Amino acid sequence: MNRSHRPPTGRAPTFLAIYLNDHLAGANGGVELLRRAAAAQRGGTLGTSLESLADQVAADRESLRTLMGDLDVPVMRARAALGRLAEKVGRLKLNGRVLSRSPLSDVLELEAMRIGVEGKAACWRSLRSLARTDPRIDTALIEELLRRAEQQIRTLEALRSACASQLFAQEGRGRAATPHAADAVRRRGLHGLPRLHGPSGA
């Protein structure tokens, strides 16, 4: 299969090229967010889970690049960089603290991660539909990527729920919330994410 990322001379990007490059930009931002969140929780159960998830999302990003190459879709470097820029700008949002990291950051970041993975799953479903008429798409790879995305969504929701429950319950009892929510994750019995497997591993 042709995996060249050189744009066809004199041709404007197709809707498919724009769509896939937008998802590549989102993947870039998602990997950066996960790495940063994992670093903030290093040494705890939540940090271990986020590191595993970051590895999976990075592998999924490479699978997207492979699928783009198979479809002769060029990588638009400037557009792909937007995801990293958006992640950095997202750090400036209010979280109840001015200079230090807030416990609310855990909840907000996990919600953003889940939204990102929901979008990724939608991309895989779009490519699965396209595969009915385009034999260049590896349907087995798409099915594996979709299964992984659905598992990632379930895991992120469990992590988000545990963090939110601990934070808001403590606040309601008039107690100071802890900077990290790893203890709540541990109590809920979340011991990391599924191992990487299948053709999408990097």
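A nonpolar core is a set of buried Ala, Val, Leu, Ile, Met, Phe, Trp, Tyr and Cys residues joined through side-chain atoms within 4.5 Å. Buried means under 20% relative accessible area, exposed over 50%, and partly exposed in between (1.4 Å probe, protein chains only).

This model is predicted: local features need pLDDT of at least 70, side-chain atom pairs count only at pLDDT 80 or more, and totals for chains, interfaces and linings use all residues. Residues are numbered from 1 along each chain as its sequence is written, and side-chain values use heavy atoms, without hydrogens and water.

The largest nonpolar core has 42 residues. Leu20, Leu50, Leu67, Met113, Trp124 and Leu127 have the most contacts inside it. Helices (H or I, at least four residues) are DSSP runs, numbered from the N terminus.

Helix 5 gives the most, with eleven residues.

Leucine 50 touches Leu34, Ala37, Ala38, Gln41, Leu110 and Met113, leaving aside residues up to four places away in sequence. Contact means heavy atoms within 4.5 Å.

Helix 1 and helix 4 pack at an angle of about 150°, their axes 10 Å apart. Axes are lines fitted to C-alpha atoms, for helices over the stretch in contact, and angles run from 0 to 180 degrees between N-to-C directions. Helix 1 is therefore roughly antiparallel to helix 4 (over 145 degrees).

Aspartate 72 lies in the loop between helix 2 and helix 3 (77–90). Its phi is near 60°, a positive value in a residue other than glycine. Aspartate 72 is partly exposed, at 34% relative accessible area.

How values were computed
Helices (H or I, at least four residues) and strands (E, at least two) are DSSP runs, numbered from the N terminus. Angles under 35 degrees count as roughly parallel, over 145 as roughly antiparallel, 65 to 115 as roughly perpendicular and the rest as oblique.
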